[in-house]
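Okay, thanks for having me, everyone. Let me put the thing up on the screen and then walk you through a few parts of it.

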Amino acid sequence: MLLNIQDLYVHYKSYWYINKVLNGVWLRMVEGERVGIIGETGSGKTTLLKSILRILPQNALIPSGVIKFKDIDILRSGEAELSTVRRREIGMIFQDPMAALNPVFKIKDQLYDVVKYKLLAEGHNPTKEELHDHAVRVLNDVKLPDYERVLESFPFQLSGGMRQRVMIAMALISAGKLLLADEPTTNIDVTIQDQILKLIDRLVKQRGLSTILVSHALGMVRQMTDRAYVLYAGDIMEEARTSELFDHPAHPYTSLLISSAPKISTREIGEGIRGKLPDYRFPPIGCRFAPRCPYALDKCHTVKPKRTIINTDHAVACHLYE
Amino acid sequence: MTNQDSDLNTSQSRISARLSSLIDNYYIRKIAYSIVTLLGISVLIFVIARVLPGDPARLALGPRAPEDVVEQYRQMLHLHEPLYVQYFVWLTDVFHGRLGISLVTFRDVTTDIIEFLPATVELIVFALVIDVVGAFTLGVLSGRRPNSAVDNFVRVFAYAGIAIPSFVWAIILQLILASWLGLLPAYGRLSLGYEVKRITGLVTLDTLLQGNIPAFFDALSHLIIPSLALAIGTIAQEARILRANLIENVNKDYILNMYSHGLPGSVVFFKYALKPSMIPTVTIMTLDMASLIGNAFLVEFIFNWPGLSRYGITAMLRKDLNAIVGVVLVIGLAYTLASIVIDLLISNLDPRIKHKR
């Protein structure tokens with residue numbers, strides 16, 4: 001088992017209220033697996049990824065839960081152990097490369113620091129030339145041939161696609177085992193989204209990395225993952241092999257989500273799902289999807305459904321299947 | 001066309017290219033703007049000082065001076081001429097390095113300014129140093145650990161600092177540090193008994209140049225209370241702004257990204273969070289510099305500080321026309337220079353500004 005998340009709760013404090021976002025999430029993956037997480041915007045996908053690296057904002061609380069990466073208990077490990085994981089095991093591609101690159105430092109400064117601490121974690125104290133060589137190598141890997149200019153640039157001087165490539169290069173430095181990709185194509189032009197996806201796919205295969213790909217673009221998840229989880233309002237609704245999930249969705253939310261995606265073949269635009277995400281300050285007590293669910297039972301509004309296995313590699317959290 | 005012609009053409013175009021790049025240069029433009037601003041200020045103050053009621057010649061010579069002497073003095077000052085003639089006479093003098101005769105000291109205003117300016121420069125520079133050091137220390141301490149004991153202390157200090165004007169601080173500090181505790185001298189620039197030759201007029205610098213170390217420390221001890229009183233308000237304001245920006249920035253993705261790569265917390269904070277957070281603080285410092293110069297009037301008065309601000313107040317009360325214009329111009333010039341320096345600083349902190357110009 002590479003990564004094992006059990007019963008993870010994450011809350012955000014605001015001035016008066018507590019936003020209860022993640023509500024007992026589970027996730028399991030073995031080495032070499034490519035896992036997808038789908039769900040609409042605001043369902044806690046980014047929060048889940050950030051908790052794997054324990055880099056949540058300061059107002060976040062983790063009241064309970066276990067995150068195990070290999071044998072390391074991420075939420076209870078010390079600074080030293082955690083920084084080794086961050087430096088050389090797990091890398092993360094952030095959602096918006098413009099926001100994730102420091103606007104007042106050159107790419108060079110940021111990239112060198114990331115390389116430096118990775119090499120330090122490997123017990124090697126690099127010279128300036130080694131930092132440069134290493135940085136050039138990763139920029140070449142992400143197909144940024146004009147690396148001297150890129151290194152000397154500030155983030156705002158690069159195009160969206162170039163920024164995303166820098167972001168991927170940065171993530172790859174630390175991703176020795178696992179790459180977390182948070183909607184890697186949302187913030188770039190449609191014309192280069194495909195290029196970026198293929199690039200990530202190729203690099204992951206070359207290096208034999210495991211990946212977690214988070215997206216609300218269903219087509220992308222279908223293409224690029226082996227197994228997928230459906231996250232809604234901080235709850236895992238369903239998990240299955242990707243093909244099975246798309247062909248035989250079990251949870252009402254999953255099937256509604258899949259059917260609401262526009263299809264090119266039939267030129268139809270889906271119906272969508274009535275209602276909106278719950279208010280995290282006062283989330284539903286039972287199933288969080290119950291208020292929007294067309295098949296909701298009385299029980300759904302009062303009791304939180306448990307994870308139920310309905311097939312090999314297929315589990316669902318829904319009272320209809322208990 | 002001959003060869004010579006084309007040579008001439010290219011050299012002409014080269015000159016015009018250089019000229020236009022000079023105009024494009026941000027700092028050249030900025031300096032040109034400041035000259036225009038200073039001219040504008042001089043017209044404004046010149047007119048205001050002369051339009052106000054009261055006869056400057058009579059005020060200068062006193063009520064008992066015979067009328068014909070006063071009349072002669074008016075003639076000398078061109079007070080009978082129309083305003084624009086007076087202005088141009090004055091302006092011609094300025095280009096010869098003279099700001100006109102002071103009606104009170106009967107000396108050239110330039111001489112007066114050279115005498116009184118160093119004391120103010122010393123005070124403001126020292127206040128600025130205290131301001132920068134204080135604001136950054138307090139801002140970083142409270143921004144690093146929000147709502148800790150240190151942060152709460154800074155919060156109380158900041159509210160007090162902003163709410164209480166600098167001349168009140170001056171009196172409070174005089175009372176506590178000088179009168180009750182007897183740690184520092186209450187007023188003046190130098191204790192009796194120290195002989196310091198005037199070289200630059202900055203006493204701290206002069207004592208050092210003359211190798212008179214005891215006098216240097218004496219001068220330094222005289223500087224502490226007045227410059228602290230001047231700086232407290234701006235320290236408080238800037239520390240709070242730095243704190244707010246730090247707290248906001250440490251939750252930004254570009255900071256979390258650095259944490260995600262396992263960089264030590266101190267590197268992330270002091271390198272990647274502090275630099276972007278400094279930009280608004282340094283911008284505010286420009287504005288605060290103006291209030292520093294403005295507040296110096298009151299503080300110099302309280303501490304019996306022989307500076308330009310005190311000279312300026314006397315000039316206004318005595319309707320010393322040329323001195324008023326001179327003092328305002330010097331302050332305007334100082335402010336423009338300071339804003340150019342701050343601009344340079346900011347564009348080095350924030351590359352987005354430099355490259356968009």
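So, just after H4(A), there's Gly123(A) with a positive phi of about 80 degrees. Before I go on: this is a predicted model, where local features need pLDDT of at least 70, side-chain atom pairs count only at pLDDT 80 or more, and totals for chains, interfaces and linings use all residues. Residues are numbered from 1 along each chain as its sequence is written, while chains are lettered from A and ligands numbered from 1 in the order in which they are written.

H4(A) covers residues 107–121; helices here are DSSP runs of H or I with at least four residues, strands are E runs of at least two, and both are numbered from the N terminus.

Which residues of H4(A) are buried? Among them are Ile107(A), Leu111(A), Val114(A), Val115(A) and Tyr117(A), but the list also includes Asp113(A), Lys116(A) and Lys118(A). Buried is a neighbour count: 20 or more other C-beta atoms within 10 Å of the residue's own, with 12 or fewer called exposed, partly exposed in between, and the C-beta atoms placed from the backbone. Those buried residues pack against H2, H5, H6 and H7 of chain A. Contact means that the C-beta atoms of two residues, again placed from the backbone, lie within 7 Å.

H7(A), residues 160–174, takes us to the sheet: this helix lies across S7 and S8 of chain A, running at about 165 degrees to S7(A). For angles, axes are lines fitted to C-alpha atoms, for helices over the stretch in contact, and the values run from 0 to 180 degrees between N-to-C directions.

Now the sheet. It's open, with eight strands in the order S7-S8-S9-S3-S10-S11-S13-S12 of chain A, and the pairing is mixed. S7 and S12 are the edge strands, each pairing on one side only. Neighbours are turned by 20 degrees against each other on average, ignoring direction. Two strands count as paired if DSSP finds at least two bridges between them.

Let's walk across. S7(A) and S8(A) are parallel, with four bridges, and Gly91(A) has Leu179(A) as its bridge partner in S8(A). On to S9(A), residues 210–215: S8(A) pairs with this strand in the parallel sense too, over five bridges, and here Leu179(A) stands opposite Thr211(A).

Is S8(A) enclosed or open? Five of its five residues are buried, so S8(A) is largely enclosed by the rest of the structure. Both faces are covered, with Leu178(A), Leu180(A) and Asp182(A) buried on one side and Leu179(A) and Ala181(A) on the other.

Further along, S3(A) and S10(A) run parallel, joined by four bridges, and Ile37(A) partners Tyr229(A). Then come antiparallel pairs. S11(A) and S13(A) share three bridges, with Glu238(A) opposite Val316(A). S12(A) and S13(A) also run antiparallel, over four bridges, and Asn311(A) stands opposite His314(A). Their hairpin has two residues between the strands, and Asp313(A) takes a positive phi near 60 degrees.

Over to chain B. H12(B), residues 265–302, and H13(B), residues 308–317, have axes that come within 8 Å and cross at roughly 95 degrees. The two are therefore roughly perpendicular; that label covers 65 to 115 degrees, with under 35 roughly parallel, over 145 roughly antiparallel and the rest oblique. H12(B) brings Ala296(B), Phe297(B), Glu300(B) and Phe301(B), and H13(B) brings Ser309(B), Arg310(B), Gly312(B) and Ile313(B).

H13(B) is also part of what covers the buried residues of H14(B), along with H2, H3 and H6 of chain B. H14(B) has 29 residues and reaches 42 Å from first C-alpha to last, close to the 42 Å expected.

Last bit: where do the chains meet? The contact takes 20 residues from chain B and 26 from chain A. On the chain B side, H11, H12 and H15 each give two or more residues, and H11(B) has the largest share, six residues. That's my tour, thanks.

Note on methods: The expected span of a helix is 1.5 Å times one less than its number of residues.
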